[in-house]
Amino acid sequence: MSSLSAPKRPGMCPRQVSSSSFADAFDDARRRLDELGVQEPGEDEVLSPALSSSSSTTDESALGSPGETESPLSPSTPFTAPITPAADPDVADDFAFAFDIDGVLIRGGKPIPEAIEAMRVLNGENEWGVKVPYIFLTNGGGKFETERCRDLSEQLEIDVSPGQFICGHTPMREFADRYGTVLVVGGEGEKCRDVAESYGFRDVITPGDILRANASTAPFRKLTESELANSRDLLARHGATKLSDIVIEAVFVFADSRDWASDLQIILDIAQSRGGRLETRSATFDEGPPIYFSHNDVLWSAAHEHARLGMGALRRIVETVFEDTSGGKKLETHAFGKPQVSTFEFATRLLQQWRAQQHGLADSAPPRTVYFVGDTPESDIRGTNAMDAKAENEWYSILVKTGVYQDGTEPRYKPRKLVDTVLDAVHHGIRREMVRLGSRKSTGGRMLPLDDAALKAVGEGRTPSFEVQDDPFLAVV
Ligand SMILES: [Mg+2]
């Protein structure tokens with residue numbers, strides 16, 4: 001029925017996948033970004049320490065498996081689940097969408113009004129009757145992926161599957177086999193410990209466990225009764241006689257801290273310890289275990305009129321205070337999430353699986369174009385543009401005005417297209433594709449770049465005249 005019902009796939013090289021896991025891809029992407037001279041927002045120091053260089057300093061203690069929690073997103077699902085292609089003649093196989101959530105679809109726990117309509121348009125309620133595959137890629141976290149998908153399904157009035165969802169800590173599961181005892185920071189109550197254990201982490205310690213073992217760790221923090229009840233007895237659990245017998249092999253900040261002061265103290269204590277041993281202090285301040293943050297957003301769009309401080313702010317504080325309290329030694333921490341290219345590569349794998357599972361698009365090649373819609377230039381737009389520079393296919397960045405980005409300002413990282421809302425972004429992408437399809441027909445298969453005038457012409461039922469514009473912030477190409 002639609003003009004995309006049997007589109008001819010353009011010839012393109014299959015993506016070269018040289019990394020077998022996110023962990024490897026993370027190393028690889030950091031190295032490549034270094035080669036490109038790309039640094040993380042606001043950072044001057046050299047990036048790309050080898051993630052494995054500061055790994056285990058102890059044997060993996062034979063602790064019992066802590067995880068009774070059933071994994072909602074175990075390594076076998078959805079990424080390696082059997083694929084059952086089901087033909088879907090109305091689905092677009094040439095392009096797809098990926099969405100940031102906060103400030104694009106949701107704000108302060110409520111859907112942005114245009115978001116519900118945008119999802120309907122993607123699900124086929126458009127003038128071409130085409131369904132467009134889409135995934136969600138948020139830096140947020142602190143819940144099981146299944147829980148967050150349930151929330152999102154209600155908010156957006158659609159069915160959102162974990163197979164189309166990546167949050168900040170999702171890629172951390174690929175590190176579960178790399179470390180034995182880890183500290184997991186952030187989130188409500190025990191939630192992040194549960195999530196980490198569902199990922200396969202074998203021995204997860206929380207700041208609450210450390211405060212229970214030694215309340216003077218953070219003098220002004222008093223655990224509540226339920227926190228005390230939920231925290232674990234570290235000495236008994238590890239069969240240790242003193243805390244310094246326990247070695248933290250890595251620190252993972254899964255979600256936003258609920259108590260920055262005590263979490264900061266505990267992260268710094270471990271960063272300045274002798275090889276991750278609790279309650280010890282290094283003489284050289286260079287023996288601490290690796291510290292990973294699930295993302296690096298300094299600001300995020302919440303219910304408040306102005307953007308709120310995010311995990312990236314805590315990361316800056318950790319690094320700055322470490323330097324101030326260690327005689328000038330630098331601390332290099334690591335961040336997942338956008339704008340890391342490895343996160344977008346992870347999204348590419350998820351999208352391919354999702355297109356195959358949900359839409360029967362079993363082609364090994366990714367969609368020719370992925371439209372990424374975000375509200376934060378420093379993470380969404382920067383990461384999409386960096387991915388576009390590296391990937392074989394096109395990653396097309398669209399910035400909306402409903403979140404962190406303030407209309408009228410010059411974004412530090414420029415999108416290919418600036419629009420008011422996510423609905424405008426969806427219309428823009430679909431129309432662009434339809435016009436490209438038309439241009440291919442009229443030029444014997446050659447795809448031409450487009451501008452707003454061309455898109456407008458199509459919307460009015462006219463044949464556009466194609467021309468190239470140079471300024472990517474103003475032109476649509
Ligand atoms: Mg956002």
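A residue is taken as buried if 20 or more other C-beta atoms lie within 10 Å of its own, exposed if 12 or fewer, and partly exposed in between, with C-beta atoms placed from the backbone. The structure is a predicted model, in which local features need pLDDT of at least 70 and side-chain atom pairs count only at pLDDT 80 or more, while totals for chains, interfaces and linings use all residues. Residues are numbered from 1 along each chain as its sequence is written.

Most residues other than glycine have a negative phi, and most peptide bonds are trans. F285 is not a glycine, yet has a positive phi of about 55°. F285 sits in the loop between α8 and β9 and, because 19 C-beta neighbours fall inside 10 Å, counts as partly exposed. Helices (H or I, at least four residues) and strands (E, at least two) are DSSP runs, numbered from the N terminus. E157, also not a glycine, has a positive phi of about 60°; the loop between α3 and β5 (165–166) holds E157. With 12 other C-beta atoms within 10 Å, E157 is exposed. A cis peptide bond, with omega of about 10°, links K338 to P339, and P339 belongs to the loop between β12 (334–335) and α10.

N139 has 31 C-beta neighbours inside 10 Å, so it counts as buried. Leaving out residues up to four places away in sequence, N139 touches G168, H295, D297, G337, K338 and S379, where contact means C-beta atoms, placed from the backbone, within 7 Å.

Next, the helices. The axes of α10 (residues 341–359) and α11 (residues 377–390) come within 9 Å and cross at roughly 70°; axes are lines fitted to C-alpha atoms, for helices over the stretch in contact, and angles run from 0 to 180 degrees between N-to-C directions. That makes α10 roughly perpendicular to α11, a label for angles of 65 to 115 degrees. V341, T343 and F344 of α10 meet G383, A386, M387 and K390 of α11.

As for α8, its buried residues are S262, D263, Q265, I266, I267, I270 and A271. Among the elements covering them are β6 (181–185), α5 (207–213) and α9 (311–324).

Definitions and conventions:
Contact = placed C-beta atoms within 7 Å. Parallel < 35°, antiparallel > 145°, perpendicular 65-115°, else oblique.
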